[in-house]
Amino acid sequence: MSTAAATVRPREVLADLLPASRVRDMALVLGGAALTGLAAQISVPVPGSPVPVTGQTFAALLVGTTLGASRGLSALVLYALAGLAGVPWFAGGTSGVSVSFGYILGMMLASTVVGALARRGADRSVPRMAGTMLLGEAIIYAVGVPYLAYAADLPVSAAIAAGLTPFLIGDAVKAALAMGVMPTAWKLVDKR
């Protein structure tokens with residue numbers, strides 16, 4: 001049996017397979033923030049919505065499942081703070097607070113929750129990963145849509161129409177990608 005397969009314990013996330021150190025953790029957090037910032041640059045405007053379709057939510061959920069709750073949250077907090085400080089890595093190269101900032105707040109919470117679930121093995125099988133990703137997406141919308149309604153002074157029904165409905169199919173595709181990526185990564189690790 002290989003040493004990689006022998007050292008995998010049920011309460012580990014993928015990042016735990018790297019040798020433990022503070023430097024590792026700092027690099028993972030910085031890398032998670034950078035990945036989220038890069039994925040946010042994949043930005044497609046949605047007609048009638050101030051919120052674009054981005055790769056940001058996919059990255060935020062993968063960061064959480066790969067790094068675990070505390071490092072995932074740290075990565076998303078770093079991402080948010082850097083964007084608030086002026087780093088142009090929010091959707092479409094923007095920074096600062098906008099009507100869509102609630103989605104970033106939701107990503108912080110979602111990353112934490114999916115990271116905690118990954119510690120319990122939710123990233124090891126397709127069905128469990130599906131539930132984990134759907135829960136993560138629901139958390140992002142549960143924070144993002146009310147924030148959009150408040151920040152854009154929209155009725156809740158209009159915020160749902162502009163900030164939720166147009167994104168459901170894309171988010172289903174992102175969830176399907178994650179359902180394939182994480183369990184496959186664990187299978188590859190187990191084969192080494």
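Modeller: A residue is called buried under 20% relative accessible area, exposed over 50% and partly exposed in between, with a 1.4 Å probe and protein chains only. The model is predicted, so local features need pLDDT of at least 70 and side-chain atom pairs count only at pLDDT 80 or more, while totals for chains, interfaces and linings use all residues. Residues are numbered from 1 along each chain as its sequence is written, and side-chain values use heavy atoms, without hydrogens and water.

Colleague: Which of these words, buried or exposed, applies to Y79 and F90?

Modeller: Both Y79 and F90 are buried.

Colleague: Why is the pair of Y79 and F90 called edge-to-face?

Modeller: Rings of Phe, Tyr and Trp (its six-membered ring) pair if their centres lie within 6.5 Å; planes under 30 degrees apart are stacked, over 60 edge-to-face and the rest tilted. The centres of Y79 and F90 are 5.3 Å apart and the planes stand at 65°, so the pair is edge-to-face.

Colleague: What makes Y103 and Y141 an edge-to-face pair?

Modeller: Their ring centres lie 6.2 Å apart with the planes at 85°, so this pair is edge-to-face. Y103 and Y141 are both buried.

Colleague: What makes R124 count as lying over the face of W186?

Modeller: A charge sits over a ring if NZ of Lys or CZ of Arg is within 6 Å of the ring centre and within 35 degrees of the ring normal. R124 lies over the face of W186, 3.6 Å from the ring centre.

Colleague: Which residues form one aromatic cluster?

Modeller: The cluster is formed by Y79, W89, F90, F101 and Y147.
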